[in-house]
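Here are my notes on the model, as numbered points. Please read them beside the coordinates.

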Amino acid sequence: SLKNTAKVEIFGQVYTIKGDADPEYITELANYVDLQMKEVSKKHPNSSISKVSILAALGIANEVFKLKEKERNNNQILEEKTKVLVEMLNKEVGIT
């Protein structure tokens, strides 16, 4: 069940958000979305709230995808380094 409630303001509108997360975390997320929407609105001052929302959502999705790609690349590098290390250790102790 969704036990926590936070009252937040996003782009001039007040919302009551219910969730499992701490209210502070929900508020932090809402503040981030609010900031992104304000940034988009500065670049596109005459846009509707729905267009601002969509452009902000695309910007946030882009950040998420970049972070996932970075994590995937880091994991791949880590796997390759581990494989080399294991091979070196195996040679050192005479395991082939």
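1. A6 contacts Y15, T16, I17, P23, I26 and T27, leaving aside its neighbours within four places in sequence. Contact means heavy atoms within 4.5 Å.

2. The model is predicted: local features need pLDDT of at least 70, side-chain atom pairs count only at pLDDT 80 or more, and totals for chains, interfaces and linings use all residues. Residues are numbered from 1 along each chain as its sequence is written, and side-chain values use heavy atoms, with hydrogens and water left out.

3. Strand 1 (residues 4-10) alternates. N4, A6, V8 and I10 point to one face and are buried (under 20% relative accessible area, 1.4 Å probe, protein chains only).

4. Strand 1 pairs with strand 2 (residues 13-19) in the antiparallel sense, over seven bridges. Pairing requires at least two DSSP bridges; strands are DSSP E runs of at least two residues, helices H or I runs of at least four. K7 stands opposite T16. In the hairpin, two residues lie between the strands, and F11 has a positive phi near 55 degrees.

5. Which residues make up the largest nonpolar core? A6, V8, I10, I26, A30, M37, V40, V52 and A56 do. Such a core joins buried Ala, Val, Leu, Ile, Met, Phe, Trp, Tyr and Cys residues through side-chain atoms within 4.5 Å. Helix 1 gives the most, four residues.

6. The axes of helix 1 (residues 23-43) and helix 2 (residues 49-92) come within 9 Å and cross at roughly 115 degrees. Axes are lines fitted to C-alpha atoms over the stretch in contact, with angles from 0 to 180 degrees between N-to-C directions.

How values were computed. Buried means under 20% relative accessible area, exposed over 50%, partly exposed in between (1.4 Å probe, protein chains only).
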